Amino acid sequence: MFIVASLSKAVSTHTHFDKDLLETEEIIKKLYPDYLDFYHSALKRKSAHMFNMFIMKDKYFNNYCEWLFSILFELEKVLDISEYSPFHARVFGRVSEILLDVWIFKNNLNFTEIPVMFMEKQNWWDKSKRFISAKLSNKKYY
């Protein structure tokens, strides 16, 4: 058993460029085909474990990192992020947030969630406005 941050947030495929998620899918299909259904499920979920925060035993951590970074290093080879905004240039960290749940659920791991607290002030009005605007205009959230 391990502990993950409990602040769940929608896995917003509309905040990712489609090609980034499709390239990730192709890499998983090539390297870890038995994880592909779990990847598809993660993209359809209404929540996810965000921020890449967890506590786990080193044997799990080492296995997770080996799996995760093999995917991210391949993704880095095929994506050109030179024209991405600062928000979208974080694609590797944002994809890794999705992949945490893929790994957890594929490996049928037990976990406990703990609450997360933001220590900095959040402008929820601005954040919500940008999110809704992106959703309604079919543009990418930034």
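Predicted model: local features only at pLDDT ≥ 70, side-chain atom pairs only at ≥ 80, totals over all residues.
## Two helices at an angle

Which residues of H2 and H4 meet? On the H2 side they are Phe 38, Tyr 39, Ala 42 and Leu 43, and on the H4 side Ile 98, Leu 99, Val 102, Phe 105 and Lys 106. Sorted by class, this contact has eight nonpolar residues, one charged residue and no polar ones.

## H4 against H3

H4 also crosses H3, with the axes coming within 11 Å at an angle of roughly 135°. That angle makes H3 oblique to H4, and this crossing is right-handed.

From H3 (58-78), the contact draws on Tyr 60, Asn 63, Tyr 64, Trp 67, Leu 68, Ile 71, Leu 72, Leu 75 and Glu 76. H4 answers with Phe 92, Val 95, Ser 96, Leu 99, Leu 100, Val 102 and Trp 103. By class, the residues of the H3 and H4 contact are 13 nonpolar, two polar and one charged.

In soluble globular proteins, nonpolar side chains tend to be buried together. Here the largest nonpolar core has 29 residues. Helices H1 (18-31), H2, H3 and H4 are the elements that give two or more residues to this core, and H4 provides the largest share, with nine residues.

Which residues have the most contacts inside the core? They are Tyr 39, Trp 67, Leu 99, Val 102 and Trp 103. Leaving aside neighbours within four places in sequence, Trp 67 is in contact with Tyr 32, Tyr 35, Leu 99, Val 102 and Trp 103.

## The chain as a whole

Stepping back, the chain has five helices and three strands, running β-α-α-β-α-α-β-α from the N terminus on. Of its 142 residues, 36% count as buried.

Among contacts between residues at least 6 apart in sequence, 81% join residues at least 24 apart.

Definitions and conventions
Residues numbered from 1 in each chain as written. Heavy atoms only, no water. Contact = heavy atoms within 4.5 Å. Helix = DSSP H or I, 4+ residues; strand = E, 2+ residues; numbered from the N terminus. Nonpolar A, V, L, I, M, F, W, Y, C, P; charged D, E, K, R; others polar. Core = buried A, V, L, I, M, F, W, Y, C linked by side-chain atoms within 4.5 Å. Buried < 20%, exposed > 50% of the residue type's maximum accessible area, 1.4 Å probe, protein only. Axes fitted to C-alpha atoms, helices over the stretch in contact; angles between N-to-C directions. Parallel < 35°, antiparallel > 145°, perpendicular 65-115°, else oblique. Left-handed = near helix turned anticlockwise from the far one by under 90°.
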